[in-house]
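Okay, thanks everyone, let's get going.

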Amino acid sequence: TIINHYKELTNEEIDIIEFTNRYKNECPYAMQVYAEFIKNVSITVNNISTMLNPKTIVINSIIVENVAGSINLIKNSLHSQIMHLDILTTSKFRSKTNVLGLTHGLIKDFLNIENYTPKDVKRN
């Protein structure tokens with residue numbers, strides 16, 4: 001992960017928010033890790049686009065949300081000539097709840113279960 005990579009370089013344990021703050025303050029290690037992150041996300045988006053040819057890809061990342069220009073850096077790093085990607089954006093939901101909700105819905109549909117409730121979800 002990004003935090004582990006940063007720790008390997010600096011021997012410091014920080015959270016993702018502190019990482020983005022250090023990047024914004026031009027910490028050389030954070031800038032190096034961020035550049036590798038953008039490269040890897042770009043490769044991933046490129047591969048998804050080439051294999052699945054979606055019109056939209058939504059990136060749900062605290063780093064992309066907190067570092068201005070991340071989406072443009074990713075877009076500028078895309079290399080596929082056959083890509084027909086119209087939209088590359090961040091999620092309007094700034095948490096994991098949308099991913100958990102989608103997963104919950106997919107599991108219910110796939111298993112054809114009416115009353116599926118994950119163990120970690122508390123019912124009101």
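This is a predicted model: local features need pLDDT of at least 70, side-chain atom pairs count only at pLDDT 80 or more; totals for chains, interfaces and linings use all residues.

Before we look at anything, a quick word on angles: under 35 degrees counts as roughly parallel, over 145 as roughly antiparallel, 65 to 115 as roughly perpendicular, and the rest as oblique. The axes themselves are lines fitted to C-alpha atoms, for helices over the stretch in contact, with angles running from 0 to 180 degrees between N-to-C directions.

Residues are numbered from 1 along each chain as its sequence is written, and side-chain values use heavy atoms, with hydrogens and water left out.

So, the overview. The protein chain has 6 helices and 2 strands, and from the N terminus on the order is α-α-α-β-α-α-β-α. Those are DSSP runs, helices being H or I with at least four residues and strands E with at least two, numbered from the N terminus. Of the 124 residues, 28% are buried, and by buried I mean under 20% relative accessible area, with a 1.4 Å probe and protein chains only. Take the contacts, meaning heavy atoms within 4.5 Å, between residues at least 6 apart in sequence: 60% of them join residues at least 24 apart.

Let's start with helix 1, residues 2–10. Its buried residues are Ile-2, Tyr-6 and Thr-10. They cover an arc of only 55° around the axis, which puts them on the same side of helix 1; the arc is taken over the directions from the helix axis to the C-beta atoms.

On to helix 2, residues 16–24, where Phe-19, Thr-20 and Tyr-23 are buried. These fall within an arc of 95° seen down the axis, so they line one face of helix 2. At its start, a side-chain oxygen of Asp-15 comes to within 3.3 Å of the backbone nitrogen of Ile-17. Just past its end, Glu-26 has a positive phi of about 65°.

How do helix 2 and helix 3 cross? Their axes come within 8 Å, at roughly 105°, and the two helices are therefore roughly perpendicular to each other. On the helix 2 side we have Phe-19, Arg-22 and Tyr-23, meeting Ala-30, Met-31, Val-33 and Tyr-34 in helix 3. That set splits into 6 nonpolar, no polar and 1 charged.

Ser-42 is in helix 3, and it counts as buried because its relative accessibility is 2%. A polar atom of its side chain lies 2.8 Å from the backbone oxygen of Ile-38. Beyond its neighbours within four places in sequence, Ser-42 contacts Leu-73, Ile-74, Ser-77 and Leu-78.

Then there's Val-67, in the loop between helix 4 and helix 5, buried at 4% relative accessibility. Not counting residues up to four places away, Val-67 touches Thr-20, Tyr-23 and Tyr-34. With Tyr-34, the separation is 33 residues in sequence and 9.6 Å in space, C-alpha to C-alpha.

Definitions and conventions:
Buried means under 20% relative accessible area, exposed over 50%, partly exposed in between (1.4 Å probe, protein chains only). A polar contact is a pair of N or O atoms within 3.5 Å; within protein, one must be able to donate a hydrogen and the other to accept it, and residues adjacent in sequence count only if both atoms are side-chain atoms. Ala, Val, Leu, Ile, Met, Phe, Trp, Tyr, Cys and Pro count as nonpolar, Asp, Glu, Lys and Arg as charged, and the others, Gly among them, as polar.
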